[in-house]
Amino acid sequence: MVTKEQIQQIASLCKLKYTEGEIDEFAKNFSQVLGYMEKLKEVDADNVEPLYFISDHVQRFREDVVGESLQREDVVKNTTEEQFGYFKILRIVE
Amino acid sequence: MGYKTVIGLEIHAELSTETKMFCSCTNAFGGEANTHCCPVCMGLPGALPVLNKKAVEYAIKAGIAFNTKINTKTRMDRKNYFYADLVKGYQISQDTIPLCGEGYTEIEIEEGTKRVNLQRIHIEEDTGKLTHTMDGDTLIDYNRAGVPLIEIVTKPDMNTPEEARLFLEKLRATLKYIEVSDVKMEEGSLRCDVNINVVDTETGLKTNITEIKNLNSFRGAVKAMEYEEKRHIDTLKQGQNTLKETRRWDEVKGETISMREKGDTADYRFAADGDLAAIEIPEEWVNEIRNSMPELPHHKKERFVKEYALSEYDAGVLTASKALAMFFEDTVKLLDDPKLVSNWVMGDVLRRLKDDDVEIEDTKLSPKDLSQLIALVKSEKINNNTGKKVLKEIFDTGKDPETIVKEKGLIQISDESQVREIVEKVLEDNKQSIEDYKSGKDRALGFLVGQVMKISRGKANPQLANKMILDIIKEKY
Ligand SMILES: [Zn+2]
């Protein structure tokens, strides 16, 4: 069972806001999905190699050679406020 | 009543690759704000990361240096959190399968050799840099976003701030030796977080772990640990417990300050990064890297003891920095007297480096200079004291010793007749000292030698002067 509180917690971590109705709906759906997952526990996986990645593709590497970066005008183009080439936001302190 | 301190460290080191971790933007330090940025490191929609081979290689090198198990199958994970230093809303890091698993290194403490075990070394990308202005704004530079990092996590194996310092020194020297990081704390290429708590050895009561962040020097780290150690013990003594929290070190106030309680433990919702495929590290590649590893500090130390017949201690000091070890070996190549070269390097050279707070490679002294200087002293052209003065002059001006000696007229007077003349005059003028010496006051002899050195302006050969004073007293007085 996934509780409404758990949904609220996940939503707040994602900075998302939902109505009571939506949260009820999510709680129901999430519980259902996790219920399906429970079924997997019935499978005998004793002799199966553990999966460490979902796809079979193997990462190809990039050689360590410097390429071109963006022009700074383009980097900061879409920000609401820019100062001295920096992104400017309201002061935040962790 | 006894207390045991328990310290674990988390160290982030920026890898000195040419490019960033997942894009080909330059990994040069500094640069004008937001000029080392591209769609990948800015997290623009549709941009795809591709892993830098060199970054993986450097991390494996570190893994080998710290005796870790290299995981040949690994992957990158997303660490999700919202903060302005992060462009994508997640940092690409590693969670359950780090590139390098458990390992260890050894430190030399008073009681002998101590092993510090490592939990893991994983690779991840660095974040952007925030600057808080006086006007109440925050300015963001993403040049650092995506720079490759290794995070080294130790087990809680250190029991004093001094042990932690020794470990950090060892770690810094090792990363510098294998040339995978600049390890400059002041430039932020080496950063350290501390986990610390205290156990009452009688009752077994433990304080909650404090995490200390924002440590930007080894000295600051040690002071912060000493401060916390005391704070934890005091808390236990009052029958209370510390909060499980994160604190930062305030260098000016000389104390740690609470940042946030860990009660709302960050939930990073780690998940495999689907933009990056599985990482497979072929065994042959690891072996190749292993074979290309430079000599590590402790191996170099053993070799110095054998090859140059130095003491363990001397060899340890000389090999603590790769540059210093190289300087020593280059000097010995020019002047085949390891013990003497070691004495000079360990004495006046190191003292000067410490006074000026610099590394040997940043000074004007070359192995050629030092070998010439030592040769001048060895052949008694100048005496030991003059030698020290010449060394200072080389550090200050960069001139070679022969030139300095010539310019300043410092060649030692070893000509017996010249020294004899001075000695005779000194004895004539200091009859009382002769009496004192004869009546058993050895110090009077030192005074007389001093007078000879003074009149000769430091140029007389002191051993010769000493011998001559004794001879003449015997003859004449
Ligand atoms: Zn980039």
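Chain B and chain A bury about 4,100 Å² between them, 61% of it on carbon and sulfur atoms. Buried area here is the accessible area (1.4 Å probe) that two parts lose on being put together, summed over both. This is a predicted model: local features need pLDDT of at least 70, side-chain atom pairs count only at pLDDT 80 or more, and totals for chains, interfaces and linings use all residues. Residues are numbered from 1 along each chain as its sequence is written, chains are lettered from A in the order in which they are written, and side-chain values use heavy atoms, with hydrogens and water left out.

**Chain B against chain A**

- Chain B brings 54 residues to the contact and chain A brings 34; contact means heavy atoms within 4.5 Å.
- Two salt bridges link chain B and chain A. The term covers a side-chain nitrogen of Lys or Arg within 4 Å of a carboxyl oxygen of Asp or Glu.
- B:D137 pairs with A:K88 in a salt bridge, with the closest N and O atoms 3.5 Å apart.
- β8(B) supplies the largest share of the chain B side, five residues. Strands (E, at least two residues) and helices (H or I, at least four) are DSSP runs, numbered from the N terminus.
- The chain B side divides into 27 nonpolar, 13 polar and 14 charged residues. Ala, Val, Leu, Ile, Met, Phe, Trp, Tyr, Cys and Pro count as nonpolar, Asp, Glu, Lys and Arg as charged, and the others, Gly among them, as polar.

**Strand pairing across the chains**

- Strand β2 (residues 86-90) of chain A runs antiparallel to β8(B), joined by four bridges. Strands pair if DSSP finds at least two bridges between them.
- A:K88 stands opposite B:L139 in β8(B).

**Domains within chain B**

- Chain B is assigned domain 1 (3-285), domain 2 (297-408) and domain 3 (416-476); the bounds come from an automatic or database domain assignment.
- The centres of domain 1 and domain 2 of chain B, taken over C-alpha atoms, are 36 Å apart.
- Domain 1 and domain 2 of chain B bury about 620 Å² between them, 52% of it on carbon and sulfur atoms.
- Two salt bridges are counted between domain 1 and domain 2 of chain B.
- B:K322 and B:E179 form a salt bridge at 3.3 Å, N to O.
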